[in-house]
Amino acid sequence: LSQIYTNDPGITPMELHQKYPDSLEGLPIQLVWGDEDTITPIAGGVGTFYQELAADDRSSVSFEIVKGGHVPFDDNPLASNTAMLKWLEGVIEKTEDL
């Protein structure tokens with residue numbers, strides 16, 4: 001656990017999207033975010049960044065907020081997995097239409 005807090009965290013998601021726009025544009029991304037995440041809060045920089053991307057109709061980013069903390073798939077597996085399965089169904093439908 002101490003390595004998580006002491007090692008280099010690497011580039012931010014914002015930097016990643018800026019560095020690889022051609023690779024990430026059009027790539028379906030689903031974020032399932034815990035509404036009680038105190039480590040990476042929804043209202044913080046990363047949460048705001050992805051919420052703005054999800055609100056952009058040209059983006060392939062989806063953003064789902066569920067009851068839970070930083071690891072919503074552990075905190076609330078039913079809601080998290082339901083959100084992910086619903087999103088996957090939509091991705092499959094879109095690819096079948098191609």
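This is a predicted model: local features need pLDDT of at least 70, side-chain atom pairs count only at pLDDT 80 or more; totals for chains, interfaces and linings use all residues.

User: In what order do the elements of the protein run from the N terminus on?
Analyst: The protein contains six helices and two strands. Listed from the N terminus on, its elements follow the order α-α-α-β-α-β-α-α.

User: How many residues of strand β1 are buried?
Analyst: Strand β1 covers residues 29-34 and is mostly covered. Ile29, Leu31 and Trp33 point one way from β1, while Gln30, Val32 and Gly34 point the other way, and all are buried. For the protein as a whole, buried residues make up 22% of the 98 residues. In β1, the number of buried residues is six of six.

User: Which residue in β2 is the bridge partner of tryptophan 33?
Analyst: Strand β2 spans residues 61-66 and runs parallel to β1, with six bridges joining the two. Tryptophan 33 belongs to the group in β1 that also includes Ile29 and Leu31 and points one way from the strand. Its bridge partner in β2 is isoleucine 65.

User: Is aspartate 97 buried or exposed?
Analyst: Aspartate 97 lies in the segment after α6, a helix of residues 77-96. Together with Glu89, Glu93 and Glu96, Asp97 forms a negative surface patch. The relative accessibility of aspartate 97 is 68%, and the cut-off for this class is over 50%, so aspartate 97 counts as exposed.

User: What does the C-alpha trace of the protein span along its principal axes?
Analyst: The protein has 98 residues. Along the principal axes, its C-alpha trace spans about 45 × 35 × 20 Å.

Note on methods
Residues are numbered from 1 along each chain as its sequence is written. Side-chain values use heavy atoms; hydrogens and water are left out. Patches are made of residues with over 30% relative accessible area and no salt bridge: like charges are joined within 9 Å, nonpolar side chains (Val, Leu, Ile, Met, Phe, Trp, Tyr) within 5 Å. Accessible areas come from the Shrake-Rupley method with a 1.4 Å probe; for residues, only the protein chains shown count as cover. A salt bridge is a side-chain nitrogen of Lys or Arg within 4 Å of a carboxyl oxygen of Asp or Glu. Lys and Arg count as positive and Asp and Glu as negative; His and the chain ends are not counted. The place of a charge is taken as NZ of Lys, CZ of Arg, CG of Asp or CD of Glu. Helices (H or I, at least four residues) and strands (E, at least two) are DSSP runs, numbered from the N terminus. Buried means under 20% relative accessible area, exposed over 50%, partly exposed in between (1.4 Å probe, protein chains only). Two strands pair if DSSP finds at least two bridges between them.
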